[in-house]
Amino acid sequence: MIKVYGGVYSRACMVMCTLETLGLEYEHIAMMPRSEPTQSADYLALNPTGKLPTLVDGDLVLWESQAILFYLARKYGAGLLWVDTLEQEADLYRWSLYISNQLEVPALALLLAVKYAQGEPDQQVIDAQALLLKRFLPTLESHLQGKDYLVGDKLTVADFHGAAVLAWPKMAGFDYSAYPAVVRWIEHIQGLPVQQKVMQRA
Ligand SMILES: N[C@@H](CCC(=O)N[C@@H](CS)C(=O)NCC(=O)O)C(=O)O
């Protein structure tokens, strides 16, 4: 059976949403980021980065959440959570990579600086990350005008990844008021029943 390592509050949530949507059975091995089990020899043999999530599917051991999402949708989706043409596939990579490369790092840094600060949050760090978000969010805001999904007219794994990542600044109190389409999309994707189902594993 497919195994997923990682807690529902980690990027493993995206993987579990994908597995649930595809109707796949899986074993969930709950682990907290940076916890002792993630640094054990057994876990490091699966994922030498010591990070979450990791997927095991038969002989395949895979880490990096987007690689896992793409693999699951391509292998088991039969069209679900994936796109239908090469051009749409390129579009899916474009938006997933854009979010990953331009927005995910400042989004996480902001969350860590605000929610997981050791002592008083560092305003300089917060401002620097907010500035990066403000540089790259307008492009996504224009793209999402009148759209429910990131790519084409259907839910794809890119939505699970993108909405999860861009919810982090929200949790950190980032002012999203200039990006209503992004907020609507995050809330739509994070409000899907499958997300609630996965969160019940918490
Ligand atoms: N790019 C990696 C990032 C993995 C990652 O940072 N995972 C977090 C949990 S969501 C983690 O395990 N952090 C522990 C650490 O940074 O040591 C992915 O998308 O899988």
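Helix H1 (residues 12-21) packs against helix H6 (residues 157-171) at an angle of about 150°, and their axes sit 9 Å apart. Helices here are DSSP runs of H or I with at least four residues, numbered from the N terminus. Axes are lines fitted to C-alpha atoms over the stretch in contact, with angles from 0 to 180 degrees between N-to-C directions. The angle makes H1 roughly antiparallel to H6, the label for anything over 145 degrees. This is a predicted model, in which local features need pLDDT of at least 70 and side-chain atom pairs count only at pLDDT 80 or more, while totals for chains, interfaces and linings use all residues. Residues are numbered from 1 along each chain as its sequence is written.

H1 passes H6 in a right-handed crossing, that is, the near helix is turned clockwise from the far one by less than a right angle. On the H1 side, Cys13, Met14, Cys17 and Thr18 meet Val157, Phe160, His161 and Ala164 of H6; contact calls for C-beta atoms, placed from the backbone, within 7 Å. The contact of H1 with H6 comes out as six nonpolar, two polar and no charged residues. In this scheme Ala, Val, Leu, Ile, Met, Phe, Trp, Tyr, Cys and Pro are nonpolar, Asp, Glu, Lys and Arg are charged, and the others, Gly among them, are polar.

H6 also pairs up with H3: their axes come within 9 Å and cross at roughly 155°. That makes H3 roughly antiparallel to H6, and the crossing of the two is right-handed. Here Ser65, Gln66, Leu69, Phe70 and Ala73 of H3 meet Val157, Phe160 and His161 of H6.

Zooming out, the domain assignment, which is automatic or from a database, gives domain 1 (2-79) and domain 2 (86-194). Their centres, taken over C-alpha atoms, are 21 Å apart. Across the boundary, 12 residues of domain 1 are in contact with seven residues of domain 2. On the domain 1 side, the elements that give two or more residues are H1 and helix H3 (65-76). H1 gives the most, with six residues. By class, that side has six nonpolar, four polar and two charged residues.

As for the ligand, the residues around it are Ser10, Arg11, Pro33, Arg34, Lys51, Leu52, Glu64 and Ser65, the cut-off being a C-beta atom, placed from the backbone, within 6 Å. This shell divides into two nonpolar, two polar and four charged residues.

Technical notes
Angles under 35 degrees count as roughly parallel, over 145 as roughly antiparallel, 65 to 115 as roughly perpendicular and the rest as oblique. Two residues are in contact if their C-beta atoms, placed from the backbone, lie within 7 Å.
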